[in-house]
Amino acid sequence: AINFMRIAMSMNDTNLFPFSNHSSCSAKEDVYEAYIGQGMKEKAIQALTAISIPAKLPEINETLIVKYYRNCQDSFFKLANIYLDDKNYSEAINTLNPLLNHVKDISHAYFLRYIAFDGEKDFESAKEDLLKVIDLEGSVISFVWNS
């Protein structure tokens, strides 16, 4: 398992990025799961962080970059949730910002960032993100609230 983790962590998103598939995210998520299973939380966080570092993305057209972020959104959610559980709100925000800079219609990302802004006591930013969630999911939210 350790050799698998070393190989997967050495993979560079830039090498896999032109295919714009989920393979690079999946490999690093597998590494994350392996480290978590061994009780190595810091190493697990590093595996997910490797997905979310925008500097590793080549300068190519925006369509492929958006596709990358959409394919890897679950990795961003996992990492943000780890930071939220640890009450490390600024890192949760920093994790979600690159995703939301490129993909503006993922309500769950805005909701997670809302929780982080609320934790940071940045109530104006929290309100903006919650309003965005309502805008994106308004009919679902109003149904739940009216039930």
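The following paragraphs go through the predicted model from its overall fold to single residues. Residues are numbered from 1 along each chain as its sequence is written, and side-chain values use heavy atoms, with hydrogens and water left out. Because the model is predicted, local features need pLDDT of at least 70 and side-chain atom pairs count only at pLDDT 80 or more, while totals for chains, interfaces and linings use all residues.

The chain has nine helices and zero strands, in the order α-α-α-α-α-α-α-α-α from the N terminus. Helices here are DSSP runs of H or I with at least four residues, strands are runs of E with at least two, and both are numbered from the N terminus. Of the 147 residues in the chain, 38% are buried. Buried stands for under 20% relative accessible area, exposed for over 50%, and partly exposed for the range in between, with a 1.4 Å probe and protein chains only. The chain exposes about 8,100 Å², and carbon and sulfur atoms supply 54% of that area; the areas come from the Shrake-Rupley method with a 1.4 Å probe, and for residues only the protein chains shown count as cover. A contact requires heavy atoms within 4.5 Å. Among contacts between residues at least 6 apart in sequence, 57% join residues at least 24 apart.

The largest nonpolar core has 36 residues. Such a core is a set of buried Ala, Val, Leu, Ile, Met, Phe, Trp, Tyr and Cys residues joined through side-chain atoms within 4.5 Å. Helix H3 (23-37), helix H4 (41-52), H5, H6, H7, H8 and H9 each supply at least two residues of this core, and H6 gives the most, with seven residues. The residues with the most contacts inside the core are Ile 51, Tyr 69, Phe 77, Leu 99 and Ala 109. Leaving aside neighbours within four places in sequence, Ala 109 is in contact with Phe 77, Leu 96, Leu 99 and Leu 100.

Helix H6 covers residues 73-85, and its 13 residues reach 18 Å from first C-alpha to last, close to the 18 Å expected at 1.5 Å a residue. The expected span is 1.5 Å times one less than the number of residues. Buried residues of H6 include Phe 76, Phe 77, Leu 79 and Ala 80. After H6 comes Lys 87, with a positive phi near 60°.

Helix H7 (residues 89-102) has 14 residues and reaches 21 Å, close to the expected 20 Å. H7 bends by about 30° at Leu 96, and Pro 98 follows within four residues; the bend is the angle between axes fitted to the seven residues ending at a position and the seven starting there. Leu 96 and Pro 98 are among the buried residues of H7.

Arg 113, in helix H8 (residues 107-119), is buried with a relative accessible area of 12%. Apart from neighbours within four places in sequence, Arg 113 is in contact with Ile 93, Leu 96, Asn 97, Leu 100 and Asp 129. Asp 129 lies in helix H9 (residues 123-146) and counts as buried because its relative accessibility is 4%. Under the same exclusion of residues up to four places away, Asp 129 touches Tyr 110, Arg 113, Tyr 114 and Phe 117.

Lys 67, in helix H5 (residues 62-71), is partly exposed at 42% relative accessible area. Lys 67 and Val 103 are 36 residues apart in sequence and 8.8 Å apart in space, C-alpha to C-alpha.
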